[in-house]
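Student: Could we go through the helices, strands and packing contacts of this model together, with the criteria spelled out as we go?

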Amino acid sequence: MTTNITFQLNGREKTVQAHPMARLLDVLRQDCSLTGTKEGCGEGECGACTVIIDGRAVMSCMVPVCQVHGSKVESIEGLESMGADGQTCLHLIQEAFIKCGGAQCGICTPGMIMAAVAYLRQPESAPGGVAEALEGNLCRCTGYTRIFESVKTAIDRMKTGANQSR
Amino acid sequence: MRTNLADYECLTPGSVREALEQRATGRKLIPIAGGTDVMVWMNDGHLGKVGKVYQSLHALAGEWRYVKTDTEGNLRIGALATYSDVRHHEDVKKNYPMLVHSAQVTGAIQIQNRGTLAGNIANGSPAADTVPALMVYDAKLRLVNASGERVVELSEFFTGYRANVLKEEELISEIILPKPRFAADQQYYRKVGTREAQAISKVVFAGANDGKGNVRMAWGSVAPITLRSKKTEDAVAAGAAADDAWAILQTEITPIDDIRSTRDYRLKVSQRILADFLGKVHQ
């Protein structure tokens, strides 16, 4: 049994034909060829597959794709934008991860970044701050210190007015 | 091993009415609210043990996703309200602090953004984090079917391990909390898990005392169901000391050894939580 599911993916309308209970994670990676979203545990424990649905961070391994019909889905691929010079620009948080060494093996990185982006846009979603915003994302390489530094660096840059459009 | 989805069917009703009509046909339909339990079974390959046909309730959000205080002062939580909806709601923050606390320690933010409190109840895990808090607030559940509805006490909803009084044709439509009656400093919630986030409780407890003879104490992960320790409540209301209350509590809880903890550890932690609770609320 498959059905047509239409949603906005990184700003563009997308229709896929899939089983209603197919994981959004698999639809993104296989049907949409967006392999930036990673699978870690596949049971909602590690956060590697985090994407943003209608403004909120969620784990895409736990979302049956029928539930995104009519929604706005953002994956890591949707963060970069086209600059005035026609070159692709990374999101400031992606730049902060590079600058601070927030990524090592890279499996947790897209999920970390998407959870952080949801927090940067809506700080009230995590009254406990960065640590709470990222509590659902596991990293086995960095020891978290550089990830936290990356997010804090991005917050400081936002406050100083750099890249205000986001 | 992962589930082969071709073996499973999933209905996607567009309204409450359509969902209840589908349930009235007599087919066993497993509801999916936020999916944070069902999708784990799917990923683990355990879907077949649960059921063959599923019913996604997501499109009912327009009707059932709300948190509001009614004209009589009761809090109403629609079946599709998420943990995030509840923990950030002003009325909940003001009047039901244990509900905020319990939603905040459930999973992580990504889980809280999808999972629902009604799903936490219907799933029936004795380790559910929000259920003890809801029980202490004397929560009631509205159960609906295609032709009517009934209201049951949450403390009487569970009949055994992952078993409850919900019939196949019914869905939980809302959780109703009577208007608040416990002072903020007379409410106590404690979850003991392996770490602060993303942990499933080894012991979870909610308790409160209104100072007028009404004591509520509800426990998770120490019995096949989340339960109120009513004999201990009565003893505490009558002024029992910690040792006497503990002796009674041991006749009500039945913790076991499992992958998350041991019977001995759970008993020790329960005893300490009880003493801490009694030290913090007046008697």
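Student: How many helices and strands make up the secondary structure of chain B?

Tutor: The model is predicted, so local features need pLDDT of at least 70 and side-chain atom pairs count only at pLDDT 80 or more, while totals for chains, interfaces and linings use all residues. Side-chain values use heavy atoms, with hydrogens and water left out, residues are numbered from 1 along each chain as its sequence is written, and chains are lettered from A and ligands numbered from 1 in the order in which they are written. With helices (H or I, at least four residues) and strands (E, at least two) taken as DSSP runs numbered from the N terminus, chain B comes to 13 helices and 14 strands.

Student: What is the radius of gyration of chain B?

Tutor: The radius of gyration is taken over C-alpha atoms, and the globule rule is 2.2 Å times the number of residues to the power 0.38. For 283 residues that rule gives 19 Å, and the value for chain B is close to it, so the chain is as compact as a globular protein of that length. The C-alpha atoms fill a box of roughly 55 × 50 × 30 Å along the principal axes, and the radius of gyration is 19 Å.

Student: Which residue in S10(B) is the bridge partner of B:Arg76?

Tutor: Five strands of chain B form an open antiparallel sheet in the order S4-S5-S10-S6-S7, with S4 (67–69) and S7 (148–153) as the edge strands. Within it, four bridges join S5 (residues 75–78) to S10 (residues 171–177) of chain B. The bridge partner of B:Arg76 is B:Ile176.

Student: Is H12(B) parallel or oblique to H13(B)?

Tutor: Axes are lines fitted to C-alpha atoms, for helices over the stretch in contact, and angles run from 0 to 180 degrees between N-to-C directions. The axes of H12 (residues 242–249) and H13 (residues 263–280) of chain B come within 10 Å and cross at roughly 135°. Angles under 35 degrees count as roughly parallel, over 145 as roughly antiparallel, 65 to 115 as roughly perpendicular and the rest as oblique, which means that H12(B) and H13(B) are oblique.

Student: Which residues of H5(A) does H3(A) meet?

Tutor: The axes of H3 (residues 109–121) and H5 (residues 145–159) of chain A come within 11 Å and cross at roughly 35°. Counting contact as heavy atoms within 4.5 Å, the H3(A) residues A:Met112, A:Ala116, A:Tyr119 and A:Leu120 meet A:Ile147, A:Val151, A:Ala154, A:Ile155 and A:Met158.

Student: Which residue in the turn between S1(A) and S2(A) has a positive phi?

Tutor: S1 (residues 3–9) and S2 (residues 12–18) of chain A pair in the antiparallel sense over seven bridges, and A:Ile5 stands opposite A:Val16. These strands form a hairpin with two residues between them, and the turn residue with a positive phi of about 50° is A:Asn10.

Technical notes:
Two strands pair if DSSP finds at least two bridges between them.
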